[in-house]
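This briefing covers one protein chain. Please look over the sequence and the model before reading the points.

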Amino acid sequence: LHTATQETKIVRAPRVVVTVPLGVLKLHPGQTAAIEFIPKPPSDKTLAIQRLGFGLLNKIYLFFTSPFWANNKSEPEWIHFVSNQYKGELGYWWNAEYKATNYGSDNIYILCCFTSTRSADEMEEEKNDDVVLKNAIKALSKGPWGEEVVVKTWTGEGLVTRWRSEDYTRGSYSYLRAGSFGADLGTLGKEVRGEKGGVVYWAGEHTHRRHPGTVDAAVVSGRREA
């Protein structure tokens, strides 16, 4: 096993569980974080890895001093709105529903924007977090609350994900793209037995046929192989 620090370590075990994301399994030899299996996995598993798609979903977390999106009657879990300027690309928000306690204050409220397709790709290309956060604030200001309320309550802080740029993820979730089959998910979950009795088990959201692309699938598949 070659660790992230390029230090070589040999670990011998009769059982191995492979839980790396599908994006890592798709890497070619020589690429950072690529895994070389000796011997190679069965051809049907290799083909399943190639056929399945690995999509991108990024998130933008914004921190506020008050939950301006709430009203006296209810506090929504999901917030949707479409603006002409952003064409709905930054209009899908999740109310985290709790106060953050590890950013220097116990009165920080969080909204999380889900981005996919073109807007997620643009986040990968833009490496400056401040630019991404301010664009999200501009989009949120086009909602029903108005720019003054949004800007006034924003702390100026937030978090940005770039899952495709991460060496050990290379994306966010598996999906059935053209040319792939539901059976490919099952194939990826099949154990591989060696000639000397060793077994390689496979887990991860991309190995669960009913709920691929979800956290539930990742957890359930891990329990399945355990």
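The model is predicted. Its chain has 226 residues, of which 35% count as buried. The secondary structure comes to 7 helices and 10 strands.

**Overall make-up**

- The accessible surface of the chain is about 14000 Å², and 52% of that surface belongs to carbon and sulfur atoms.
- Taking contacts between residues at least 6 apart in sequence, 68% join residues at least 24 apart.

**Nonpolar cores**

- The largest nonpolar core consists of 22 residues. Ile60, Leu62, Phe64, Trp93, Leu111 and Leu140 have the most contacts inside this core.
- Two or more residues of this core come from each of β3 (57-64), β6 (108-116), α4 (129-141) and β7 (154-160).
- Helix α4 gives the most to this core, with 6 residues.
- Leaving out residues up to four places away in sequence, Leu140 touches Leu62, Phe64, Phe68, Phe81, Trp93, Leu111, Trp145 and Val150.
- There is also a second, separate core, made of 10 residues, with Val18, Leu22, Phe54 and Leu188 among them.

**Val150**

- Val150 belongs to helix α5, which spans residues 147-153.
- The relative accessibility of Val150 is 0%, so Val150 counts as buried.
- Apart from residues up to four places away in sequence, the contacts of Val150 are Phe64, Phe68, Ile137, Leu140, Ser141 and Trp145.
- For Val150 and Phe64, the C-alpha to C-alpha distance is 8.4 Å, while their separation in sequence is 86 residues.

**The β1-β10-β9 sheet**

- Three strands form an open sheet in the order β1-β10-β9, and the pairing is mixed.
- The edges are β1 (15-18) and β9 (192-193); each has a single partner strand, so one side of each has no neighbour in the sheet.
- Strand β1 pairs with β10 (residues 199-202) in the parallel sense, over 4 bridges.
- Arg15 has Val199 in β10 as its bridge partner, and Val16 stands opposite Val200 in β10.
- Strands β9 and β10 run antiparallel and are joined by 2 bridges.
- Val192 stands opposite Val200 in β10. Val200 is also the residue opposite Val16.
- The hairpin of β9 and β10 has 5 residues between the strands, and Gly197 in this hairpin takes a positive phi near 100 degrees.
- In general, strands of a sheet pair through backbone hydrogen bonds, in either a parallel or an antiparallel sense.

**Second largest pocket**

- The second largest pocket holds about 540 Å³ of space.
- Its lining has 21 residues, and those nearest its centre are Ser172, Glu205, Gly213, Thr214 and Val215.
- Strand β3 and helix α7 (215-225) are the elements that give two or more residues to this lining.

**The loop between β7 and β8**

- Tyr168 is placed in the loop between β7 and β8 (173-175).
- Tyr168 and Gly23 are 145 residues apart in sequence, and their C-alpha atoms are 8.1 Å apart in space.
- Arg170 is found in the loop between β7 and β8. Its phi is positive, near 65 degrees, and Arg170 is a residue other than glycine.
- The relative accessible area of Arg170 is 22%, so Arg170 is partly exposed.

**Other backbone exceptions**

- Most residues other than glycine have a negative phi, and most peptide bonds are trans.
- Ile38 and Pro39 are joined by a cis peptide bond, with omega about -5 degrees.
- Pro39 is placed in the loop between α1 (22-25) and α2 (43-51).
- Thr117 is not a glycine, yet has a positive phi of about 45 degrees.
- Thr117 lies in helix α3, which spans residues 117-125.
- With 61% relative accessibility, Thr117 counts as exposed.

Technical notes: Residues numbered from 1 in each chain as written. Predicted model: local features only at pLDDT ≥ 70, side-chain atom pairs only at ≥ 80, totals over all residues. Heavy atoms only, no water. Core = buried A, V, L, I, M, F, W, Y, C linked by side-chain atoms within 4.5 Å. Buried < 20%, exposed > 50% of the residue type's maximum accessible area, 1.4 Å probe, protein only. Contact = heavy atoms within 4.5 Å. Areas by Shrake-Rupley, 256 points an atom, 1.4 Å probe, with all protein chains shown as cover. Pairing = 2+ DSSP bridges. 1 Å grid on protein atoms, 1.4 Å probe; cavity = no way out; pocket = protein on both sides within 12 Å on 5 of 7 lines; lining within 4 Å. Points joined across faces, edges and corners; volume = space filled by probe spheres on them.
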